[in-house]
Amino acid sequence: MSLASALTAERVWEALADVPDPEIPVISVVDLGVVRDVQVDGERVRVEFTPTFLGCPALDVMRTQMADAVRALGAEPEVVVVTDDGWSTDRISAVGREKLREAGYGPPTPRPTGPIQLVQLQTGAFRCPYCNSIDTRLDNLFGPTACRSIRYCRNCRQPFEQFKTI
Amino acid sequence: MSAQAPPRTELLLQLADDELVLGWRDSEWTGIAPFLEEDVAFSSIAQTEIGHARAFYELAAAELDTTADELAFDRRPEEYRCAPLVELNLVHDWAKSVARRWLYETADAIRVDSLKASDWPELAGLAAKIEREEAYHALHAGMWRDRLTRSTARERFATAVDELWPYALGLVEGDQRRILCEAAGREDVPAVERGAHVEDWPALWEEMTMVRRTVPGGSW
C-alpha cells in the first residue's frame, strides 16, 4: 500500500496550513482563507483557491508552493484558480486576523451586505494594529500590493497597512 | 487564430484588450505621477487591470485552444480589439489621464454589471469579482474628477473630458451607450468605434510585445 492511498483531505489541509502567503509570510494560505476546496481522488489531489485580487503577482508562487506541498505527500496535485465572487476577505480566519494585526496589518472589515459600497472613507471603522485606537485616517486607497491601503493613526502617529475588504 | 472569433470569444478579447492596454498606459505614470500617492495608485490600478485582462484572456484561451500569454502578446497589432480610448498616449497630461480613468471606469461599470447576468457561469462569476475590485478604481477616479472640477484646472479638465467623450462611447455598444450618457451626464455623439486603431498604438504594441518577439518561446 502506497503512502498516497491513505491520503485524506484533512491531511492535505494540514499540509497547506504550512504554506505561507508569499508577501505576508506570517499568515498561511489556509488562515488567509484563499483555499476554497480540497478533493482527494486516489493519488490525485485537486486544490481550488481564489486570489484576494485577480492581479495578485503572488498567484503563481502560491500555486507552485501549494502544488509542492501536495507532492510532498506523495500525491499528484492539480491547483485550480477559481475566479468568482464566492470568496471574500470575510473568509480570513480569526487566527489569521490576529496574525495580521500582530504583524502590523489592519485586518479587513466585514464585507457589507447588499450593494457594493466602500467603507474605506468611514472614520471609526478601522483600528490601528499598533495602539488599537480607532482615530485613523485614509492616506492612500492604494498600497504596496493590490490588497492593501495605507492608513495613518492619529493617536500613535504611525502609518499602517490596512487590508482591503473584497 | 482566425481574424473573426466566435461572438462570445470576440467579447472576451475586447474586454481583455481594453484592460491590458489601459493597464499598460496607466503604468506609464509609475515614477512620474504628480506625487508619490499617485505613483502608487496608478501602478496598483494598472496591476489590477492587467490582472483582469489575464482572467479574460484565460477564458478566451480555453475556447480558442491557446494561452493567455499568446493572446496578450503574440498577435499582430491589427488583431487587437481594444477601444481607441485606451490606446491614446496621454502620459504627461494629468488632466486627460484622469479624464480617461473616470470615463473608462464609468463605462466599464456598466458593461461589467451586464456581464454578471451572463448565462456563461465562469464569465458571470468573474464579472462579480471584478466589480468588487473596480469599486476601488471608481472611487479613485471619482475623487480625482471632483478634485479637478473644483480646482483651477477646471477648464482644462472639462476640455479633456470633451475631447475624450467620443472615445469613451466607443467602449460600449447598443443600449449601454444610452446608460453611459446618463451616468456621465452627457449627450450622445458619434463614437470613435473599435476596429480602427489610433496612431499612438503601433509604438505601444512594439513596446508591449518586444520581449516576446525578441525571445520567441522564452519563459521566465
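In chain A, strand S6 (residues 148–153) and strand S7 (residues 158–163) pair in the antiparallel sense over 6 bridges. Helices (H or I, at least four residues) and strands (E, at least two) are DSSP runs, numbered from the N terminus, and two strands pair if DSSP finds at least two bridges between them. Within this pair, Ile150(A) stands opposite Glu161(A) of S7(A). The model is a predicted one, in which local features need pLDDT of at least 70 and side-chain atom pairs count only at pLDDT 80 or more, while totals for chains, interfaces and linings use all residues. Residues are numbered from 1 along each chain as its sequence is written, and chains are lettered from A and ligands numbered from 1 in the order in which they are written.

The two strands belong to an open sheet of 4 strands in chain A, with the order S4-S7-S6-S5 and mixed pairing. Strand S4 (105–106) and strand S5 (136–140) of chain A each have a single partner strand, so these edge strands are left with one side that has no neighbour in the sheet.

The loop between S6 and S7 of chain A contains Arg157(A). The phi of Arg157(A) is near 55°, a positive value in a residue other than glycine. Most residues other than glycine have a negative phi. Arg157(A) is exposed, with 10 other C-beta atoms within 10 Å; a residue is buried if 20 or more other C-beta atoms lie within 10 Å of its own, exposed if 12 or fewer, and partly exposed in between, with C-beta atoms placed from the backbone.

His92(B) is located in the loop between helix H4 (84–87) and helix H5 (94–115) of chain B, and His92(B) is exposed, with 10 other C-beta atoms within 10 Å.

Chain A is divided into domain 1 (3–81) and domain 2 (104–163), with bounds that come from an automatic or database domain assignment. The C-alpha centres of these two domains of chain A lie 29 Å apart. Contact between them involves 6 residues of domain 1 and 4 residues of domain 2, where two residues are in contact if their C-beta atoms, placed from the backbone, lie within 7 Å. The side of domain 1 that touches domain 2 has 3 nonpolar, 2 polar and 1 charged residues. Here Ala, Val, Leu, Ile, Met, Phe, Trp, Tyr, Cys and Pro count as nonpolar, Asp, Glu, Lys and Arg as charged, and the others, Gly among them, as polar.

Between the chains, 16 residues of chain A are in contact with 23 residues of chain B. The side of chain A that touches chain B comprises 9 nonpolar, 4 polar and 3 charged residues.
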